[in-house]
Amino acid sequence: MDNTLNPKFDDLIKIANMKMPFGKFKGVALIDLPEPYVVWFHANGFPEGELGLLLAQLYEIKVNGLEHLFTPLRDSDT
């Protein structure tokens with residue numbers, strides 16, 4: 001089964017709290033990345049590895065307007 005369409009709970013926690021490691025939005029939590037930035041990755045290719053998988057899952061979350069579901073998953077210091 002494609003993990004992009006069936007994320008694990010741990011992936012959702014990471015999306016809520018993991019910081020973008022590079023680029024214009026370095027240090028921004030993945031869930032807080034602007035939708036056009038995530039759409040750009042979708043159109044041009046996601047990075048390799050775990051970050052790419054998380055960004056692909058984030059794309060589905062953003063285009064479906066589900067960001068509000070991540071509020072309870074955030075670390076208390078974000």
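Aromatic ring pairs

Tutor: The count of aromatic pairs comes to 4, where rings of Phe, Tyr and Trp (its six-membered ring) pair if their centres lie within 6.5 Å, and planes under 30 degrees apart count as stacked, over 60 as edge-to-face and the rest as tilted. The pair Y37 and F41 is edge-to-face because the ring centres are 5.1 Å apart and the planes stand at 85 degrees. The model is predicted: local features need pLDDT of at least 70, side-chain atom pairs count only at pLDDT 80 or more, and totals for chains, interfaces and linings use all residues. Residues are numbered from 1 along each chain as its sequence is written, and side-chain values use heavy atoms, with hydrogens and water left out.

Both Y37 and F41 belong to helix α2 (residues 35-44), 4 residues apart, or about one turn of the helix; helices are DSSP runs (H or I, at least four residues), numbered from the N terminus. Buried means under 20% relative accessible area, exposed over 50%, and partly exposed in between (1.4 Å probe, protein chains only). Y37 therefore counts as buried at 16% relative accessibility, and F41 counts as buried at 6%. F41 also forms an edge-to-face pair with W40, at 5.3 Å centre to centre and 80 degrees between the planes. W40 counts as partly exposed, because its relative accessibility is 48%. Ring pairs join F22, F25, Y37, W40 and F41 into a cluster.

One member of this cluster, F25, is among the residues in contact with L33 (heavy atoms within 4.5 Å) when neighbours of L33 within four places in sequence are left aside.

Key. Helices (H or I, at least four residues) and strands (E, at least two) are DSSP runs, numbered from the N terminus.
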